[in-house]
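Hi,

Here is the structure I said I would pass on. Have a look at it first, and my notes follow below.

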Amino acid sequence: MIKQVFSAAGPVLKAAGKAIDSAGMALEAVPVTEKLVASTKSVAFGGKVPTSAATFVAPTATLIGDVEIGPGSSIWYGARVRADVHSIKIGANSSVGDNAMVHVAKIAGDAPTVIGDNVTIGANALVHACTLESNTVVGTGAQVLDGASVASTSMIAPGAVVTPGTKVPAGQLWSGVPAKHLRDLTAEEIEAIMATAADTASLSKAHALECGKSYMQVDAELAEWEDAQIRHADYLPRVTPGERPEDDVMEQGSPGLIFNSKLKQVAQPKAKAQW
């Protein structure tokens, strides 16, 4: 009796599994190829697919829906950029820090999120349905909320909360909960805003290179590093497979630990046999 029940339910469960799998594949914006680390999540929503020219999107970051990211920008580990009810546009050379959240709103009017060029969003920050003009900084753990705007060359201090609808003028530092004008930025601090964006863009290239490596590349680099810990370059040089050691004049392979000198041997032609 039990066998008959399982036999009857088997095809139904199999069909349901295929349907769920197909639904999951439909949510993925691009085909996924597993590498050493988990694949970047780029998810379509409402018919909108994220478009990114970013230098680096971390393997654990998430892009959802109507997201547009400019060249040189970076989305760091654990960050979420979710444009499910409106659009999010991020300019060039901007960065969204670790575990930061960029979202939108559609309550009592449309509220997209617009982020300009050379913008630095710190780790754990919340940028929600607002505008960050070019050359601005949102500090670690800070919040910029619905309808607020931060003008160019301004900075939001770590932990500050810019309340809905607030307008932060250019060249100012705002701090506190709720955030208030603390003082004007110095010329050096304004220059540092651009320098920070450039440094982050440069660093993102290194992270993109490392995260793009396959398991075989990482394994080969680990083997080379471990070998370097015990091998003395003058005692037994490491030779790339397929290459001939410099002192292998007899073409017999590396002489090994006992004989590894720079002695050059000249191969003599074989004499003809005398009969």
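**Strands and salt bridges**

Strand E19 pairs with strand E20 (residues 180-184) in the antiparallel sense, over four bridges. Before going further, bear in mind that this is a predicted model.

E19 and E20 make a hairpin, with four residues between the two strands. Gly-176 sits in that turn and has a positive phi of about 100 degrees. If you want a pair to click on, Gln-172 has Asp-184 in E20 as its bridge partner.

E19 (residues 172-175) also pairs with strand E16 (residues 155-156), this time parallel and through two bridges. There, Met-155 stands opposite Leu-173 of E19.

Now the charged side chains. How many salt bridges does the structure hold? The count is four.

One of them joins Arg-82 to Asp-84, at 2.6 Å from N to O. Arg-82 is partly exposed, with 29% relative accessible area.

Is Lys-213 buried or exposed? Lys-213 counts as buried because its relative accessible area is 9%, and the cut-off for buried is under 20%. Its two partners are partly exposed: Glu-210 has a relative accessibility of 46%, and Glu-221 has a relative accessible area of 38%.

Cheers

Notes
Residues are numbered from 1 along each chain as its sequence is written. This is a predicted model: local features need pLDDT of at least 70, side-chain atom pairs count only at pLDDT 80 or more; totals for chains, interfaces and linings use all residues. Side-chain values use heavy atoms; hydrogens and water are left out. Two strands pair if DSSP finds at least two bridges between them. Buried means under 20% relative accessible area, exposed over 50%, partly exposed in between (1.4 Å probe, protein chains only).
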